[in-house]
Amino acid sequence: MANQLLHKAAHQKPASTKRGALERLFTLMFQGFVYNQIWEDPVVDLAALDLKAQHRVITIASGGCNVLNYMAADPAKIVAVDLNPNHIALTKLKLSALEHFPNYDTFFRFFGHANDKGNRAAYDKYLRKHLDEETREYWEKDRPLRGRRINMFGKNLYRYGLLGRFIGILHAVAKLHGKKLEPILSARTPEEQRRLFERDIAPLFDYKSIKLLSKSPVSLYALGIPPAQYDELVASGDPVAVLRERVERLACDFPINENYFAWQAFGRGYDTENKEAVPSYLRAEIYEDIRKRTNKVEVHHASLTDFLEAQAPGSLHRYVLLDAQDWMNNDQITALWREIDRTADTRDGRVIFRTAGPDSPLPRKLPPEVLAPWTYLEAESKAWHGKDRSSIYGGFHVYHRRSLS
C-alpha cells in the first residue's frame, strides 16, 4: 500500500522517459525514513492558522513535530495523514511517549537528546505495550548489523533518516575542506553569526563538490525534494545560488541561540544544555498541557486527497499542506482543492502551505472556479515567510475561504 500511495503521488511521466526514471528513483528513496524532524516553523504556522477551540485541523504528519506543536493551541481535533509509513510510525511514537512517559525529563531525553542508551529501556518499559501492533513491529524490527530500529534513539536519531545522512555528508565535505559548521552555534550576536558564516560556511558553495551536489536533482532527493519540486527550485534561479541564499538566511537572519533549525543543520542536534534552540513541544512549560490532549489527535496512513474524499462536507477548518503541492501536476492539485473546498467550513476555512519557489502555484494550476471561493492573504503570507526560521522554502502562503452566498 505504501508503494502505491507514493507512486500515485509522485509518478507523472512514463518510466521509459528520463523524467519518469527520476520520479521512480525518488519514490524508491522516499519509501524509507526521510525526516527525523519537520522543517516547517511551527511558530509561523500557529500565527497563520489562528487556531480556536472549535477548529478541526488536518495536516501532513512528516516527522510529527507539527502535530505536537499544534496541540499547544488546543484545537478540537488534529488529524495527521502521510504517504510514508515511517513518518506515521514516528508520529505515533511521539504521541505515545507524550502520553505514557512518566515525566518531562524522560520525554526530553528521548526526543531532545535522542542519543542516550537509556532510551531503549524507556521504550521497553513505558511505550511498547501501548503501541498498535504495526507501529510496535516497525520500531522493533531487527535490521542486519544495526539491531532494532528503536536503537536509533540511543545513537542520535538526528543522524538517521535520508535527511540526517545528507546533512552528515555536508559536514563530511566541509571537514575535507578544512571547515567546521558547528562553531556558528556558539555565536552570541548577529554580527558574530555573520562573521562565522562568511568564514566557515559561505566558502563551501565555491567548491566543486558542493556545486555538483547542488546541481544534481538526485542528490537533492535526500532532502525530500522530488523532481517536480526541483524544477520549481531551478526556476527560482541557479540552484547553487538559491541554496546559498537560503543557508545564509538560516545562519544569519535569526538569533542562533533559539533557532533549532540552524542547530539541526550545523550541529545535527538540539541545544540540550540551555534548551532554548528546541521545538516548542520539547519545552517544559507546555509539556503538561499537551500531554493531556493526545486523545484529540488521529493519525492515518493515507494520501491527503484520498482521506478528504471520505470526510463530510464542511467538517474541517484548517489545512496544513506543507510543500506537498510542489509534487503535484495540475490534475492532482485540482482534485485536492475540490476536496478541500468541499470539506472546508465556508465561514472559517484556512489553508497554509509552502513552496520551493516564491510564488503560489494556485493561480496557474487551478481552474478559476475552484480558486474563486478562496482569498489569497498575500501581504500576510510574505510577512510570515520572512519570519520562518527554517529558511529552506521560497514562499509561505495562506488562503482564506469566503462564502459566495
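This is a predicted model: local features need pLDDT of at least 70, side-chain atom pairs count only at pLDDT 80 or more; totals for chains, interfaces and linings use all residues.

Student: Is alanine 73 buried, partly exposed or exposed?
Tutor: Buried requires under 20% relative accessible area and exposed over 50%. Alanine 73 has 30% relative accessibility, so the residue counts as partly exposed.

Student: Which residues does alanine 73 touch, leaving out those up to four places away in sequence?
Tutor: For spacing, alanine 73 and aspartate 50 are 23 residues apart in sequence, and their C-alpha atoms are 8.9 Å apart. As for touching, with neighbours up to four places away not counted, the residues are Leu46 and Leu51.

Student: What unit do strand 1, helix 4 and strand 2 make?
Tutor: Strand 1 covers residues 56-60, and strand 2 covers residues 77-82. The two strands pair in the parallel sense over five bridges. With helix 4, residues 65-70, they make a right-handed β-α-β unit.

Student: Which residue stands opposite threonine 59 in strand 6?
Tutor: Strand 1 pairs with strand 6 (residues 318-320) in the parallel sense, over three bridges. In strand 2, the bridge partner of threonine 59 is alanine 80. In strand 6, the residue opposite threonine 59 is valine 320.

Student: How many of the five residues of strand 1 are buried?
Tutor: Strand 1 pairs with strand 2 and also with strand 6. Strand 1 is largely enclosed by the rest of the structure, because the number of buried residues among its five is four.

Student: How many aromatic pairs does the count come to?
Tutor: Rings of Phe, Tyr and Trp pair if their centres lie within 6.5 Å. By this rule the count comes to 21.

Student: Is the pair of tyrosine 138 and tryptophan 139 stacked or edge-to-face?
Tutor: A pair of aromatic rings is described by the distance of the centres and the angle of the planes. For tyrosine 138 and tryptophan 139 the centres are 4.9 Å apart and the planes stand at 90 degrees, so the pair is edge-to-face. Both residues are buried. To restate the class asked for, the pair is edge-to-face.

Student: How many residues apart in sequence are the parts tied together by tryptophan 337 and tryptophan 374?
Tutor: These two form an edge-to-face aromatic pair, 5.2 Å centre to centre with 90 degrees between the planes. Tryptophan 337 is buried, as is tryptophan 374. Tryptophan 337 lies in helix 18 (residues 330-343) and tryptophan 374 in strand 8 (residues 374-376), so the parts they tie together are apart in sequence by 37 residues.

Student: Which residue lies over the face of tyrosine 138?
Tutor: Tyrosine 138 belongs to a cluster linked by ring pairs, whose members include Phe108, Trp139 and Tyr287. Phenylalanine 108 has the charged end of lysine 275 over its ring, 4.4 Å from the centre. Over tyrosine 138, at 4.0 Å from the ring centre, lies arginine 149.

Student: What is the phi of asparagine 156?
Tutor: Most residues other than glycine have a negative phi. Asparagine 156 is found in the loop between strand 4 (147-148) and helix 9 (161-176), and at 9% relative accessibility the residue counts as buried. Although not a glycine, asparagine 156 has a positive phi of about 80 degrees.

Student: What is the relative accessible area of serine 391?
Tutor: Serine 391 lies in the loop between helix 21 and strand 9. Its phi is near 65 degrees, a positive value in a residue other than glycine. Serine 391 is buried, with a relative accessible area of 1%.

Student: Which residues does aspartate 388 touch, not counting those up to four places away in sequence?
Tutor: Aspartate 388 is found in the loop between helix 21 (378-386) and strand 9 (395-401). With a relative accessible area of 3%, aspartate 388 is buried. The residues touched are Asp41, Val44, Arg249, Phe254 and Arg354.

Student: What percentage of the residues of the chain count as buried?
Tutor: The chain has 21 helices and nine strands. It exposes about 16,900 Å², of which carbon and sulfur atoms supply 53%. Of its 405 residues, the share that counts as buried is 57%.

How values were computed. Residues are numbered from 1 along each chain as its sequence is written. Side-chain values use heavy atoms; hydrogens and water are left out. Buried means under 20% relative accessible area, exposed over 50%, partly exposed in between (1.4 Å probe, protein chains only). Two strands pair if DSSP finds at least two bridges between them. A crossover is right-handed if, with the strands pointing away from the viewer, the path from the first strand over the helix to the second runs clockwise. Rings of Phe, Tyr and Trp (its six-membered ring) pair if their centres lie within 6.5 Å; planes under 30 degrees apart count as stacked, over 60 as edge-to-face and the rest as tilted. A charge sits over a ring if NZ of Lys or CZ of Arg is within 6 Å of the ring centre and within 35 degrees of the ring normal. Accessible areas come from the Shrake-Rupley method with a 1.4 Å probe; for residues, only the protein chains shown count as cover. Contact means heavy atoms within 4.5 Å.
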